[in-house]
Every structure is written in C-alpha cells, then in structure tokens.
Amino acid sequence: MDPALEHPLRYALVNELHARPSPRLTAPATAAFVAFKETKDAANRDHGKDADHLALLVSRHGGPRPDRDDSHYQGQLGRHDLKWESHAEFVTYMAMTPGLPIRPFDPSAAAIFSNEWQEKAPGKRVAAVLVQIDWLPEDPTEALDRLSGWFAHDSMAAVWVLDETALVAGDFRIDADGWMRFAVFVRPGTSDGRIGRIVHRLLELETYRAMSMLGMVRARKLGQRLNELEPRLSAILEAMTDDERQPEQMLHELLAVSTQLEAEAVQHSFRFGATSAYAAIVSDRIEALRETRFMDRQMMTEFMRRRYQPAMRTTKSIELRLSKMMERAARAAELLRTRVDVERSAQNQKIMSRMDRRADLQLRLQHTVEGLSVVAISYYAVGLLGHALYPVAELLDVPKTYLVAGLTPVTVALVWLSMRRIHRRLHRDEQDHL
C-alpha cells in the first residue's frame, strides 16, 4: 500500500468502529456498572484526571496499565473483567464477574468500586447499576416469582428480548445502597456475545436515560426564568400600540430582554442538544432489544412512554418556548426599529422644511442686501466720478449738480448690470460643479 494514497484519518476512523466492542458474558454472571460526570462544563473537562482515576483502580488490583491517550480500556483485574470508556461528557466503568452473589443484588458484587475510590472520582456518579445474569428456568413463572421479590410491583417492567432469547426485568428504582437493578434470564445455549450485547444495551439505556434527564432539570429552571421574562416582553409588545410611548425607550427595554434571552440560549444550547441526542440513543437501545410482552407484565416501552417521554417532551417544549420568545423579540425589535426610522424620517423632513424656509429667507435677505449694495456702490462711484470729472465740467461750463445728476442713473445702471453678471456667473459655476 502506498501511504501517499491514504487519507491521514482513514485508519483512525475505521479503528473507531471497533474501539468499543460489546462485552462477552457467560451465565451466571454479575455486572457492576458506574458512570461519572463533571458537574460543570463536562465536555471541556481535563481528561487526564479521568485517566488518573482509572490508573488508581487498575494499580490497586494489579491489572495492566492503561494508556493515558486512549478513550477505552479493557483488562482483567483479579476475578473482574473491567471495561472503561470515555465519552463526551462522562466516563463509564463496567466490572463483570462470573457467578452470582449469595444474596440477590448484594452490593458486595460491586466491591471493586469501593466508596473510597468513587469519592476520588473527578466527577459525580450519575449511574450505578447491578445486573444479574442467570439461566432461564424451564418454567418462566419461576423467574416471575423471583422478580416479584426483587422489584417494586408498580414500576417493574419485564419483557422478552431478541425473539424471546432472554427475559429482562427492572423497576428503574435506586435501592438503599444506591444501585439500580436489572435481572437478565437467558435461555440455555445463548451465546456469550449475545448475552454481552443484551447487558451492554441495558447499561447504555440507563446511562443515557440519566444523562438525558439532566436536561429536564435545566429546562425547569429555564422555564422559571422564561416566566419572568415573558410578561416583560408582552408588556413591551402591548406598549408598541401606544403612540405616546417613545419608541427609543421601548427599543432599549426590548434589547435588554433580548439580551437575556440570548444569554439563556447560549447557556442551554449544548445541554438541549445533548438531551435530544441522548433521548434518541435511549429509544434506539430499547428498539434494539426487540422486546415482546412477557405474560401481563409492563413493557419497557410502556414504562418509558408513561415515565420518561413526558420529561423529554417537557424539555423540548421549554427549548421551543425559548426559541419562540427569541423570534418574537426579534420581530418586535424589527418593528420598533422601523417605527424609529419612520419617525426619524418625519423629523428629518421637518428639519429639511425648516432649512428650506431659512434658505428662502436668506435668499430674500441676499436680494435686499444686493439692492442696498447697488445703491451704496453707486453712491461712492458717483462721488468718485464727480470728483474725477469736475475739472472737465468747469472747462465745459457745466454745473456740478448737472454733472452728478447725469452720472447717477448711468452709474446705477452699470453697477446693477455688473452685479447681475457676477450673480449669473456664480450660479453657472455652482451648477457646473454639481
């Protein structure tokens, strides 16, 4: 193979498809699972802390040392087969042990995850699950009798999965020791790979259910915030019909509300997007189990439809409400800006009218001044010409008064014509410049 032909990411992307294979389990067995998430900005957390926490667990049990740069790990820690995965917002640990505890769902089955070690986790625990895998009795009602003693009757879901290959049950409740329980009864002859896939899907179902419901908590808080902002927005929209209200003031108030809405959108956009993605994974994992009804028991689909889907719809409705309020604020701002522009145009029109009137007055004043200028210039011109032509008048024996009287109309006419000529030349030069 010529390396020059290959895209630099081709092998890395193909290897990613095989990076997290489903575990293999042989019944009877127990699986203990925990997931940790940083409480704030988990997507930008320090992944080195996750690697250190994994290394602490591995070193305590003498397992092979993990690579700090890997996003997954699998190794044998004594009797436990450990599987670790790093995700966008959380990390998961799954410890699989052959056999069942003496007491059903005894927390000692998860002793590998000691409380001391869990307290040192970079984040907080968002999921903790114990799964017991056993063979299905010849009479499935025997399994039902056991399930009735393990799970709460009102919330227990028990279903056949994968064409009745296995019976899966759980009540989605947390027991006194902090663990959620699932029981899996598999038919004899079921392959280890299929058992592992069933357990893996159950654990992913619970993990992504927990992660998606974090969005509901954020949505409730956002709903309270929107309850405070919506009356303010409605008041501004109602005030827009009042001609006495100043649009500039309303625009400033609207911009303040819009800014807060945008801030809320920025703070919640990632969580809402993640919630939608996690909810889709939950639906996918339930569908992948291909469940069918076991006797008259509640199915997981029914449980999720009654208990889980309303929470997701609430989150989606709050997200949609925020989006609609932002659109309303944007439309209102556009209307207010239009109103402000119209009023400013009217004000500019008034100003232009005043300027036109002032220009007309200035023109009239200019004409008046020009008339006075003609008189003044003519007066001085006649005086100068009178003095200049007086000797000539004496030689011709013409009285000075007659001389001045004759010069006056001629001088005035010449001055007036000169002023008109200058005025026309100025106007012609101005028009040529324009």
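Of the 46 residues that make up the largest nonpolar core of this predicted model, Val131, Ile133, Val184 and Met300 touch the most other members. Here a nonpolar core is a set of buried Ala, Val, Leu, Ile, Met, Phe, Trp, Tyr and Cys residues joined through side-chain atoms within 4.5 Å; buried means under 20% relative accessible area, exposed over 50% and partly exposed in between, with a 1.4 Å probe and protein chains only. Helix H5 gives the most to this core, with nine residues. Apart from it lies another core, of 36 residues, among them Leu57, Trp117, Leu130 and Trp179. Helices (H or I, at least four residues) and strands (E, at least two) are DSSP runs, numbered from the N terminus. Residue numbers start from 1 along each chain as its sequence is written, and side-chain values use heavy atoms, with hydrogens and water left out. As the model is predicted, local features need pLDDT of at least 70 and side-chain atom pairs count only at pLDDT 80 or more, while totals for chains, interfaces and linings use all residues.

Leaving aside neighbours within four places in sequence, Met300 is in contact (heavy atoms within 4.5 Å) with Ala157, Val159, Val168, Phe182, Leu202, Leu205, Leu289 and Glu291.

Next come the spaces between the atoms. Rolling a probe the size of a water molecule over the atoms shows where empty space is left. On a 1 Å grid over the protein atoms alone, a cavity is a set of points where a 1.4 Å probe fits but cannot get out, and a pocket is an open set with protein on both sides within 12 Å along at least five of seven lines; lining residues have an atom within 4 Å of a point. Grid points are joined across faces, edges and corners, and a volume is the space filled by probe spheres set on the points.

The largest pocket holds about 370 Å³ of space. Its lining consists of 18 residues, of which Lys37, Thr39, Asp41, Arg218 and Arg271 lie nearest the centre. Strand E5 (124-135), helix H5 (192-239) and helix H6 (247-289) are the elements that give two or more residues to this lining, and H5 gives the most, with four. By class, the lining has six nonpolar, two polar and 10 charged residues; Ala, Val, Leu, Ile, Met, Phe, Trp, Tyr, Cys and Pro count as nonpolar, Asp, Glu, Lys and Arg as charged, and the others, Gly among them, as polar.

The count comes to three cavities of 30 Å³ or more. About 120 Å³ of space lies in the largest cavity, where H5 again features: H5 gives the most to the lining, with five residues. Among the lining residues are Phe33, Glu85, His87 and Tyr208. His87 sits in the loop between strand E3 (80-86) and strand E4 (90-98), and counts as buried because its relative accessibility is 17%. The side chain of His87 makes a polar contact with the side chain of Glu85 (3.1 Å). Such a contact is a pair of N or O atoms within 3.5 Å; within protein, one must be able to donate a hydrogen and the other to accept it, and residues adjacent in sequence count only if both atoms are side-chain atoms.

The second largest cavity holds about 40 Å³, and strand E1 (29-37) and E4 each supply at least two residues of its lining.
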